[in-house]
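Subject: Structure handover

Hello,

Here is the structure I promised to pass on. Please open it first, then read the notes below.

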Amino acid sequence: MAKPDLQPARGTHDLIGEEFRRHHHVIDTARRIASLYGLEEWSTPIFEDTRVFSRSLGETSDVVSKEMYTFQDRGGESVTLRPEGTAGACRALVTNGLTQSNLPRKVFYAGPMFRYERPQKGRYRQFHQIGAEVMGAAEPLADAEVIACGWHIQGALGITEGTVLEINTLGDAESRDAYRAALVAYFQASVDKLSEESRGRLEKNPLRIVDSKDPGDRALVANAPTIHQHLTEGAARHYAEVRRALERFGVPFRENPRIVRGLDYYSHTAFEFVTERLGAQGTVMGGGRYDGLVEEMGGPPTPSVGWAAGVERLSMLLEAAPTPPRPVAVIPVGEAAEGAALDAVQALRRAGITAEVAYKGNLKRRMERANRLNARAAVIIGDEELAEGTAQLRDLDAGTQERVALADLAARLG
């Protein structure tokens with residue numbers, strides 16, 4: 001058979017069958033656990049004014065400069081398909097007038113995101129994320145609770161084995177200024193050994209050198225100063241309280257001083273859940289505190305913290321896809337029984353029982369379809385059963401059969 005001319009665009013894929021069931025299970029589980037933590041689900045537009053993302057991600061970031069799907073609409077406005085979810089949530093907080101009352105706002109979201117990058121394992125140009133944001137809370141407990149929510153979701157999915165929470169602090173503004181100066185001094189001494197990209201970052205954004213993937217840069221970073229040597233008393237206290245709360249929540253962690261965020265609106269806690277089960281693409285959930293982002297969106301200072309996780313990567317960690325519900329096959333024998341079969345199948349569905357009725361075929365063909373559907377039972381209605389108001393109920397696993405009143409089918413199969 002010839003390959004169809006029309007294929008999914010590069011970096012996109014169809015979610016069908018087992019893959020969709022994995023995907024749906026991740027989101028449904030995350031939604032359920034998030035609600036236990038008091039998170040309210042929000043849905044923001046898939047495309048936004050480009051400034052929403054250029055402000056939140058930084059004009060010089062790789063996402064903004066290389067990966068965003070940005071275009072002019074017919075009105076000449078620059079719009080961008082969302083590359084992540086936090087910026088839209090912060091913009092929604094501001095534009096819906098929610099920054100002055102009933103804080104903190106605890107938000108969950110799920111949906112597709114878009115980045116133009118080289119497709120690879122678990123990473124697509126259209127991908128999906130879940131995320132949690134607590135906006136309007138400066139307390140360390142908010143950091144720990146949002147992390148605990150993420151860990152709880154992973155536990156409910158059964159994927160915590162082999163996954164490690166790594167945490168760090170970015171300190172407050174005073175801490176970061178001192179740390180930035182120390183990094184510049186350190187890297188200036190070996191500037192000729194830095195990659196070209198890192199040399200360009202040295203004056204503008206030296207923190208981004210710390211998470212460089214270049215082997216030469218990483219060798220230098222191994223001996224670079226850490227922010228812990230430059231924390232103010234208040235920043236050190238915030239970090240200590242986060243660690244204590246995580247211990248009380250029962251969330252295991254290890255400290256990683258190399259977790260950084262390059263933009264100034266990030267502060268204090270930064271964290272990643274990492275695993276070796278996905279090869280090089282080992283981060284399954286990451287986030288941190290972003291006390292200045294709502295202000296970037298035109299709102300008042302609003303301390304916030306949150307995380308995002310790729311649904312595709314979480315799906316890959318599941319041991320097995322959830323199995324679809326096994327239906328009950330309702331099979332009429334003869335034209336006279338068709339109406340009763342339709343009544344029966346709808347009665348089962350209203351009772352919450354998955355039920356199927358074949359559109360055509362004799363008894364043999366309809367039973368074959370029931371087997372292909374992996375039906376757990378068959379309800380067979382012929383002329384005799386129709387006259388008596390009954391059906392033959394066949395257990396397709398045990399191979400047994402009994403006559404049951406049509407009115408009792410739902411109770412018998414429930």
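Predicted model: local features only at pLDDT ≥ 70, side-chain atom pairs only at ≥ 80, totals over all residues.

**The open sheet**

Start with the sheet of 8 strands. It is open, its pairing is mixed, and its order is β1-β5-β6-β11-β10-β9-β7-β8. The edges are β1 (40-41) and β8 (254-255). Each has a single partner strand, so one side of each lacks a neighbour in the sheet.

Within this sheet, look at β5 (residues 105-114) and β6 (residues 126-135). They are antiparallel and share 10 bridges. Arg105 has Met135 of β6 as its bridge partner.

Helix α1 (residues 18-36) lies across β1, β5 and β6, and runs at about 165° to β5. Helix α4 (residues 86-95) also packs on the sheet, where it touches β5 and β6. The direction of α4 makes about 45° with that of β6.

**The cores**

Next, the interior. In soluble globular proteins, nonpolar side chains tend to be buried together. The largest nonpolar core in this model has 41 residues. Ile130, Ile147, Leu165, Leu246, Phe273 and Trp307 have the most contacts inside it. Helix α5 (residues 140-157) gives the largest share of this core, 9 residues.

Which residues does Ile147 contact, leaving aside its neighbours within four places in sequence? They are Leu165, Leu246, Val251, Thr269, Phe271 and Phe273.

Finally, go to β12 (residues 328-332). How many of its residues are buried? The count is 5 of 5. Both faces of β12 are covered. Val328, Val330 and Pro332 are buried on one side. Ala329 and Ile331 are buried on the other.

β12 has parallel pairing with β13 (residues 355-357), through 3 bridges. In that pair, Val330 is opposite Val357 of β13.

Best wishes

Methods:
Residues numbered from 1 in each chain as written. Heavy atoms only, no water. Core = buried A, V, L, I, M, F, W, Y, C linked by side-chain atoms within 4.5 Å. Buried < 20%, exposed > 50% of the residue type's maximum accessible area, 1.4 Å probe, protein only. Helix = DSSP H or I, 4+ residues; strand = E, 2+ residues; numbered from the N terminus. Contact = heavy atoms within 4.5 Å. Pairing = 2+ DSSP bridges. Axes fitted to C-alpha atoms, helices over the stretch in contact; angles between N-to-C directions.
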